[in-house]
Amino acid sequence: MATTAEAPSGALSIEALTDKARLIRKHIVDMTTEAGSGHPSSSFSCTEIVTALYFGGILRHDPQNPTWPERDRFIMSKGHAVPTLYAAMAETGYFPVDQLITLRKLGSPLEGHPNVRRLPGIEASTGSLGQGLSIGLGMALAAKLDNSPSRIWVVLGDGEIDEGQIWEAALAAPKYGTGNLIAIVDANTAQQTGYTKDVLPTEPKAEKWASFGWEVQDVDGHDFAALLPALQKAGEANNGKPQCIIARTLKGKGVSFVEKDYGYHGKPLTQEERLRALEELGWS
Amino acid sequence: MELGKTIGLTSGKATRVAFGEALRDLGAEDPSIVVVDADLNNSTRTDIFAKAHPDRFFNVGIAESNMVGVAAGLAASGKQAWCASFATFVVSNAYDQLRMSVAFPKWDVKVVGSHSGISIGEDGPSQMGIEDVSLACSLPEFVVVVPCDEYSCRAAVRAIHALKGPAYLRTGRPNAPVIYQDGAEWTLGKANQLRDGSDLTIITNGLMVAAALEAAAALEKDGASVRVLDVHTVKPLDVEAITKAARETGKVVVVEEHLAHGGLGSAVSMAIAANHPVPMRFVNLGDQFAESGSPAALLEKYGMNYQNVVRAARELL
């Protein structure tokens, strides 16, 4: 594999990343409350994952040149968590931060689920769960054919991995030795109607992915000190094995009354709840 | 297969074989072409491409959803990705992937469904693509093409290769009667008038083109002058040629190897209803599954041989 891609500049310290994650969560709360709909709790759980990728010096990308052929690709396969991605994209300069508030409004490219035809920097249109890993595998195969250093990062939801297509892709990737494909499972313990352990048990996750032929790391998905090195290791493994990170997270992370209740799936916060949430996040 | 025998048509290659050969040839010209199959390569005939271009061929196993997704990802990264399976497996099994991972982003993925219709014969209904045209037409901005013989299939492969965006190509299992000679004019989106006539028009595509031509010849013996249109491109539809035929002949029979709902008959009906309503009849599988049997026996039993077309035409004449 070629190695001509430039390393991203401006990687933040863990302290600065923690601040950035606080800012991303504030955007998520503001956006979804203003929209009156959306999935803030699903967006909170992957906040550190996305923050580490976009601000921790992991993702090789250029907001000024979103079609750079050798860029890394990021796919939010759990498309309902796209507010996290929009917030990170705005903060890295894909579009103005003040556009975030147009989420889900008619005419805005910030649709309820990501739409590749509407917003430069979105790499896949998702929202029907289970499809992002196959798309990522296709991109990984294309990068290999082109001898490109591009890496493909795919965030999967905890409930999303109920979908059979995830496991079709998980079977196929090792066959092709796509070491440039990194699946990150946002293992947030809950899905729409209950805890994942009750709806459809998918543990032991690490053993499952390993037995399929992936190199697996099992880490705390909210702790940058654990997450950053895991992402770095996966991105640089280059050992011909697809990489999987089981990121142990919590649905609703950061806002206590959302963390305690999976019933917040797909529910925006009311104005009153928004103010409580921002206070908990340290924004009051 | 008996199709075309009464008018002396000769048997040519199956459209699936013509597809495989055309794609192999295009692969030599265009290095961006990649092919993904779900372990039916020697049935869909992508194996012909694979043999010539092994580095650009991916057999992802019996997993159609993943096949379509992988093709989508390859296309997202600048490849022209072709994927193939039996028509019913790629379209019905992987429909949400065609919708979300191909049509919605409008990526350059070409979807090929082989073993279409009931003429696959003995393998029976589970293997027969009888709803694929309807489903493919329901994918926004998909181009949908149903060639009738080896020449038109090669032309169709080249035509959809030249497009940037999603397309569905329907191919068949049996050897197909030769309708077109090399060098014949064949343009995507343009109906081909295979025979002129003033009393009635038969609109058809795929394997049924041969039955339509046989029916037209039989009707001519009764003194009826019958036009035959090969509407190989179901989407976008050649509304002009269809409207012209309705206006000039006043009666239309639509013949297809497909369920009644959502295929060529539906598309043609909308065009005629909107532009020049005339009496119509329909020859197709209706609203049912077929069964195992020889292709000729099935076409006869399920009402899709030329005698059925003649009968439908006589109702109007």
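Student: Which conventions apply here?

Tutor: In this predicted model, local features need pLDDT of at least 70 and side-chain atom pairs count only at pLDDT 80 or more, while totals for chains, interfaces and linings use all residues. Residues are numbered from 1 along each chain as its sequence is written, and chains are lettered from A in the order in which they are written.

Student: How many residues of chain A are in contact with chain B?

Tutor: Two residues are in contact if their C-beta atoms, placed from the backbone, lie within 7 Å. Here, 21 residues of chain A are in contact with 23 residues of chain B.

Student: What is the radius of gyration of chain B?

Tutor: The radius is taken over C-alpha atoms, and the globule rule is 2.2 Å times the number of residues to the power 0.38. For chain B the radius is 19 Å, close to the 20 Å that the rule gives for 317 residues, so chain B is as compact as a globular protein of that length. Its C-alpha trace spans about 60 × 40 × 40 Å along the principal axes.

Student: In what order do the strands of the open sheet in chain A run?

Tutor: Strands are DSSP runs (E, at least two residues), numbered from the N terminus, and two strands pair if DSSP finds at least two bridges between them. The 5 strands have the order S1-S2-S3-S7-S6, with parallel pairing. Strand S1 (73-76) and strand S6 (215-220) of chain A are the edges, each pairing on one side only.

Student: Over how many bridges do S2 and S3 of chain A pair?

Tutor: Strand S2 (residues 152-157) and strand S3 (residues 181-187) of chain A pair over 6 bridges. A:Ile152 stands opposite A:Leu181 in S3(A).

How values were computed: Helix = DSSP H or I, 4+ residues; strand = E, 2+ residues; numbered from the N terminus.
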